[in-house]
Amino acid sequence: MPTVMLDTNVIVGLLDPDDALHSHARDAVRRWEDKAASFAISVITWGELRVGAVRKGVAAERMLGTFRAAVIDQIVGVDEATAEGAALLRAADLTIRVPDALIVATAREAGADALLTADRKFRGIAPELVELLQPG
C-alpha cells in the first residue's frame, strides 16, 4: 500500500471549496485513493493546520478534527534522523524554510511514495518525491 504525505497547502485546499487548489487537491487525493494509498502528514503540518483552525474558531476546529479522523491515517513525528535530514536540506539551501525542510525530511524518513504539495520549492528539494499540484 503506498503512503502519501500531504502538505499543509493541500489540506487547506481540500477543506475550502473556494480555494484555488481545491479541485486539484481533491483529484490528486482521489487518484491515490484508487491506489489504496494511506495518507500521512507531518506533525509540522498538523501544527500549522491547528493554528489556522484555532484562529478561525470552534467550527473550523471541528471540521479539521473530522477531516483528520476520516482521511489522515498517521501523523508522523520529528525524530533525530528527521531533524538531521532537514538540517542537511537547509544547510544546502538557506532559502528553504525550516518547517518546509522538516516536512520533506519527514516524508523521506517515513518512506512516503509521494509528497503532495502546491509549493514549487519542494520540487527542487525532492524531485523524486514531490507531486506538484498547480491551480489554474
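How much space lies in the largest pocket? About 300 Å³, in what is a predicted model. The lining is made up of 13 residues, and Val12, Leu15, Gly52, Ala53 and Lys56 sit closest to the pocket's centre. Sorted by class, that lining has eight nonpolar, two polar and three charged residues.

| Helix | Residues | Supplied to the pocket lining |
|---|---|---|
| Helix 1 | 8-15 | at least two residues |
| Helix 3 | 43-56 | five residues, the largest share |
| Helix 4 | 58-71 | at least two residues |

Now for helix 2, which runs over residues 22-34. Which residues of helix 2 are buried? They are His22, Ala25, Ala28, Val29 and Trp32. As a general point, an α-helix has 3.6 residues a turn, so residues three or four places apart point the same way.

Just past the end of helix 2, Ala36 has a positive phi of about 60 degrees.

One more residue to look at is Asp100, which is in helix 6 (residues 98-109). Is Asp100 buried or exposed? Its relative accessibility is 6%, so Asp100 counts as buried. Leaving out residues up to four places away in sequence, Asp100 touches Asp119, Lys121 and Phe122.

Note on methods: Residues are numbered from 1 along each chain as its sequence is written. This is a predicted model: local features need pLDDT of at least 70, side-chain atom pairs count only at pLDDT 80 or more; totals for chains, interfaces and linings use all residues. Side-chain values use heavy atoms; hydrogens and water are left out. On a 1 Å grid over the protein atoms alone, a cavity is a set of points where a 1.4 Å probe fits but cannot get out, and a pocket is an open set with protein on both sides within 12 Å along at least five of seven lines; lining residues have an atom within 4 Å of a point. Grid points are joined across faces, edges and corners, and a volume is the space filled by probe spheres set on the points. Helices (H or I, at least four residues) and strands (E, at least two) are DSSP runs, numbered from the N terminus. Ala, Val, Leu, Ile, Met, Phe, Trp, Tyr, Cys and Pro count as nonpolar, Asp, Glu, Lys and Arg as charged, and the others, Gly among them, as polar. Buried means under 20% relative accessible area, exposed over 50%, partly exposed in between (1.4 Å probe, protein chains only). Contact means heavy atoms within 4.5 Å. The expected span of a helix is 1.5 Å times one less than its number of residues.
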